Amino acid sequence: MNLADLNKIARAMVAPGKGLLAADESSGTIKKRFDAIGVESTETTRRDYREMLFRSREAMSNAISGVILYDETIWQDAKDGTPLIRLIEEAGAIPGIKVDEGTQALPNCPGELITVGLDRLAERLPKYYERGARFAKWRAVIDIGSGIPSMAAISVNAHALARYAALCQQAQIVPIVEPEVLMDGDHDIDRCVEVTTRVLNKTFQELRIQRVALEGMILKPNMAISGKTSKTQASVGDVAEKTVRMLKNCVPASVPGIAFLSGGQSDEEATAHLDAMNKIGGLPWPLTFSYGRALQAAPQKAWAGKAENVAAGQHAFTHRARMNSLAASGTWTAEQEKAA
Ligand code: 13P
């Protein structure tokens, strides 16, 4: 493992004013997104849609540091035969790959999940590297509910994240470590902080035990945020202040950067929260975005599967990418949001 090179990639992933596009929806998830806009999900429509995003040159070159791909996409070619991964590289962004294989029910822990995909990971990683992937992603899912999360769920998911991260670094690939505490439920923001703190502490403990080099990884956490159906919704200021405080308590300064997931927040909320955190400033790491839904909901709606809407889809994507780029440097304003 060459740690200096891993660190260089990790720092490029969180370069000033740039963040990650999470376009790694599994075939099941992208089908759900396409169903919502009345588009049939086929290998071709998935290709056309992602090609539209990757050919959004302004967004890709100015606001996007890297793209997380799904296995199908990394091997696909654009309509003109150019590998999709080349389009990303040509725009100056870094290709990455989601390597977990989804979740399974965790035995003895009703309602809880364990992320799987470790078994053949050591063999798969060099193939992705050869294709051009320089970073990877693995998502663990922790749910908040009555009596959960259990210590078992937190522990086995943290263990798997560290196993994955160590294998990635061995293959010269930067691991994005993503322990996602879901925002589903009626819990308040303080319960989210309490659970996320436990999850982050356990995750870093496992990373240390398994000798993962913190300088060669990126953390992708959830924000400290109220449950979706909570009666008390925390303000933007509260989310920013509590998230920053929580991260300062849990994340070593040697981690090169933190890139949040959007997790079901509205487009504008995800942008406003990130911006407010960066306006607080004085942080030991860059804070940026690694958004899936909050970057893609608008372009999906504008595109709606029609070739004549490609420019409109690219326009919508470019706007969201630009707004999040401003948020990553703490210079976003509601006026700029509306100016588009
Ligand atoms: P969302 O931003 O839609 O939560 O997706 C990010 C992601 O990669 C989840 O694993």
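In the predicted model, Y164 is in contact with V99, L118, L121, A136, K137, W138, P175, I176 and V177, its neighbours within four places in sequence being left aside. Y164 also belongs to the largest nonpolar core, which comprises 102 residues; together with F54 and L287, Y164 touches the most other members. Helix α8 (residues 151–170) makes the greatest contribution to this core, with eight residues. A second, separate core consists of six residues, among them I144, I154, V195 and V199. In soluble globular proteins, nonpolar side chains tend to be buried together.

Strand β2 (residues 64–69) contains G66. This glycine, G66, counts as buried because its relative accessibility is 0%. Beyond its neighbours within four places in sequence, G66 is in contact with G19, L20, L21, A93, I94 and F135. The C-alpha atoms of G66 and A22 lie 8.6 Å apart, although 44 residues separate the two in sequence.

Among the residues lining the second largest pocket are D48, E51, K79, W303 and Q314. Two or more lining residues come from each of α3 (43–54) and α13 (310–328), with α3 giving the most, three residues. The lining of this second pocket has five charged, four nonpolar and two polar residues.

How values were computed:
Residues numbered from 1 in each chain as written. Predicted model: local features only at pLDDT ≥ 70, side-chain atom pairs only at ≥ 80, totals over all residues. Heavy atoms only, no water. Helix = DSSP H or I, 4+ residues; strand = E, 2+ residues; numbered from the N terminus. Buried < 20%, exposed > 50% of the residue type's maximum accessible area, 1.4 Å probe, protein only. Contact = heavy atoms within 4.5 Å. Core = buried A, V, L, I, M, F, W, Y, C linked by side-chain atoms within 4.5 Å. 1 Å grid on protein atoms, 1.4 Å probe; cavity = no way out; pocket = protein on both sides within 12 Å on 5 of 7 lines; lining within 4 Å. Nonpolar A, V, L, I, M, F, W, Y, C, P; charged D, E, K, R; others polar.
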